[in-house]
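Work through these exercises with the sequence and the model open side by side. Try each task before reading its solution.

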Amino acid sequence: MAVNPQPIIRLTNVCKSYGDHQILKDINLELEAGKFYTLLGPSGCGKTTILRTIAGFTDVTAGQVYFDGQVINGLPANQRQVNTVFQDYALFPHMTVAENVAFGLKLHKVPKDEIESRVQSALALVQLPDFGDREISEISGGQQQRVAIARALVMRPKVLLLDEPLSALDAKLRKDMQYELRELQQQLGITFLFVTHDQEEALAMSDEIFVMKAGEILQGGSPVDIYDEPINHFVANFIGESNIIPGKMIQDYEVEFVGKRFECADGGMHPNEAVEVVLRPEDLDIVKADQGKLVVTVDSQLFRGNYFEIVAYDNDHNEWLVHSTNPADEGEPIGLTFDPQDIHVMRLNESEAAFDARLEQYDDEDAD
Amino acid sequence: MQRKQRLSRNTAYFVPYVLWIALFVIAPVILLIYQSFFNIDGQFTLANYQTYFSSNTYLMMTLNSVWYAFLITLATLLISYPTAYLLNATKHPQLWLLLIIMPTWINLLLKAYAFIGIFSQAGIANQFLSFIGIGPQQLLFTKFSFIFVAAYIQIPFMVLPIYNSISELNASYVNASRDLGATNWQTFSRVIFPLTLPGVKAGVQAVFIPSLSLFMLTRLIGGNKVITLGTAIEEHFLTTMNWGMGSTIGVVLIIAMVIIMWLTGGRKRRSGKGLTK
């Protein structure tokens, strides 16, 4: 893996605790300039705390925060070249839209006509060109969201931090904003660090995702990598929907679950090691009961619009979630088939470093 | 039928309040206005108002009242805002707030007498001044001591609304301001203070208006060095028995209060003060 010469943001061994409560446990991460990163995890996992340490609202208990190669641990928030879009937008209610956007520029003593033109173009960028004179209380939540983005972007930050900015919007608007944020990021080439608990949002927008749980980064990687090769039960469950079945690794490329042996694409484990097997619901195809690799009995199904969500049970009472474009008959047995590469095998309690090393090792073997 | 009954029961709850307001607020104000149109011999006249607005004494007294009320309010504000601000940062703000409010449970007169003791020639304040070699001084019956004691008495009424508005202030406004490059002072002057202005206005109302008509302290602490409209009203009602003139001053004070409430009230900020101009 090529190491980038100068990450724009780097956290090394960052810890944060309040009294006995550890919020961040030894966080290491690097952000390359110009990419869209997402910190993804359930509430209370510490993702917002990471954002706050980069913004300068929170001190770290241990470790270093680097910006452009410089340690910025003690640097106050108003001297950092990062800007934040807050979850509640934090638009100043005693100022108009334009005054809000101009706030930071005025503080930096930018000449008056430059302020005016930069405010205008920032508002145009978020598609609110004629909203400058409005009061904050007069505009909708979605518009406030855009003003908050304009207010941060007008400062031309090198890194934009976004703290769950879409969580207060309704579903339709949220989807539109996902596209717009992604487009903005690519158009401006600014590094975005986006915090969310919504895995769909993370998958849709990011170049790279860091999945967090209880103050630790469990796995970092591209959305496709994380979706296809989750490191453990938590990640597999958190990202998308999964069937996670206990199994046994017989040898490289052969795994046993539900009492049967299957060819798979994973290796590098001990013979007969206890593992967990992940099969995504959309990778399962329904066939006649006698033609399936597995036979399950349909318990219930829901129509989800573009697919049927079918819940079925095998003889070991494992639950199987299947996404199918065709409906199944409730109470009837069906066969399930899948390809060897659809099976993803996870070791129990494997660290990210060990996981990456193992992946590289047997990828090399494949190349030989 | 039933709904009507419930409705009448609900209106019954308002009776004590309406009765109270009618008897102790509306009726006295009407009486005051009515009396202000009669001279000392009981004849209907506009002379009281004529006297008030043509007499230098009364106009000076009015100015004096406004000036001292302003000084008292300013002193109270300068002490109360930082207090409320620090209070909000403490671990147990409710406890400190209670300590600040507690003196209001003590009768005003008792507090005034306590200060007579403290400020007297042999009082603790002068003992201290003697100790550091600059005393004893004449403290009691000065304009300074009047403002000092009046501010002391008014502080809780200023701290409370300001504290409330600061504690309601969303912390992310402060973070947003810092994030956009504001120093602590800029954050305070451009974000925190403007956003807590409603609390300041409420506090100013609660302090300025009563300060306009202070009369007991002017005598007990100010030694009549400060003559305010409050003193004048007291004189007219209790000494010269010219109730008509006393009522006239009362009416003027009420009008002044209404103006102040209107000035500090929650009028919407003017909009359209955009950048585009």
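**Exercise 1. A hairpin and its neighbour strand**

Which residue in β5(A) is the bridge partner of Y66(A)?

Solution. The partner of Y66(A) is V71(A). A note on the ground rules: this is a predicted model, in which local features need pLDDT of at least 70, side-chain atom pairs count only at pLDDT 80 or more, and totals for chains, interfaces and linings use all residues. Residues are numbered from 1 along each chain as its sequence is written, chains are lettered from A and ligands numbered from 1 in the order in which they are written, and side-chain values use heavy atoms, with hydrogens and water left out.

Step 1. Find the strands. β4 (residues 62-67) and β5 (residues 70-71) of chain A run antiparallel, joined by two bridges. Strands here are DSSP runs of E, at least two residues long; helices are runs of H or I, at least four; both are numbered from the N terminus. Two strands pair if DSSP finds at least two bridges between them.

Step 2. Look at the turn. Two residues separate β4(A) and β5(A) in this hairpin, and D68(A) in the turn has a positive phi of about 55°.

Step 3. Go to the other partner. β4(A) also pairs with β1(A), antiparallel, over five bridges. There L11(A) stands opposite V65(A).

**Exercise 2. One threonine**

Is T12(A) buried or exposed?

Solution. Step 1. Locate T12(A) in strand β1 (residues 9-18) of chain A.

Step 1. Check the area. T12(A) has a relative accessible area of 16%, so this residue is buried. Buried means under 20%, exposed over 50%, partly exposed in between, with a 1.4 Å probe and protein chains only.

Step 2. List the contacts (heavy atoms within 4.5 Å). Leaving out residues up to four places away in sequence, T12(A) touches I27(A), N28(A), G63(A), Q64(A) and Y66(A).

**Exercise 3. A helix with a buried face**

Which residues of α3(A) are buried?

Solution. Step 1. Pick them out: I115(A), R118(A), V119(A), A122(A) and L123(A).

Step 1. View down the axis. The buried residues of α3(A) fall within an arc of 130°, so they line one face of the helix. The arc is that of the directions from the helix axis to the C-beta atoms. An α-helix has 3.6 residues a turn, so residues three or four places apart point the same way.

Step 2. Find what covers them. The buried residues of α3(A) pack against α2 (97-107) and α4 (141-153) of chain A.

Step 3. Leave the helix. Just after α3(A), Q127(A) takes a positive phi of about 65°.

**Exercise 4. An open sheet**

In what order do the five strands of the open sheet in chain A stand?

Solution. Step 1. Read the order: β15-β19-β16-β17-β18, with antiparallel pairing.

Step 1. Inspect the edges. β15 (285-287) and β18 (319-324) of chain A each have a single partner strand, so one side of each is left without a neighbour in the sheet.

Step 2. Three bridges join β15(A) to β19 (residues 333-337) of chain A. D285(A) stands opposite T337(A) there.

**Exercise 5. Between the chains**

How many residues of chain A are in contact with chain B?

Solution. Step 1. Count: 34 residues of chain A contact 24 residues of chain B.

Step 1. Take the area. About 2,600 Å² is buried between chain A and chain B, and carbon and sulfur atoms give 56% of this. Buried area is the accessible area (1.4 Å probe) that two parts lose on being put together, summed over both.

Step 2. N78(A), H94(A) and L107(A) supply 24% of the area that chain A buries against chain B, more than any other three residues.
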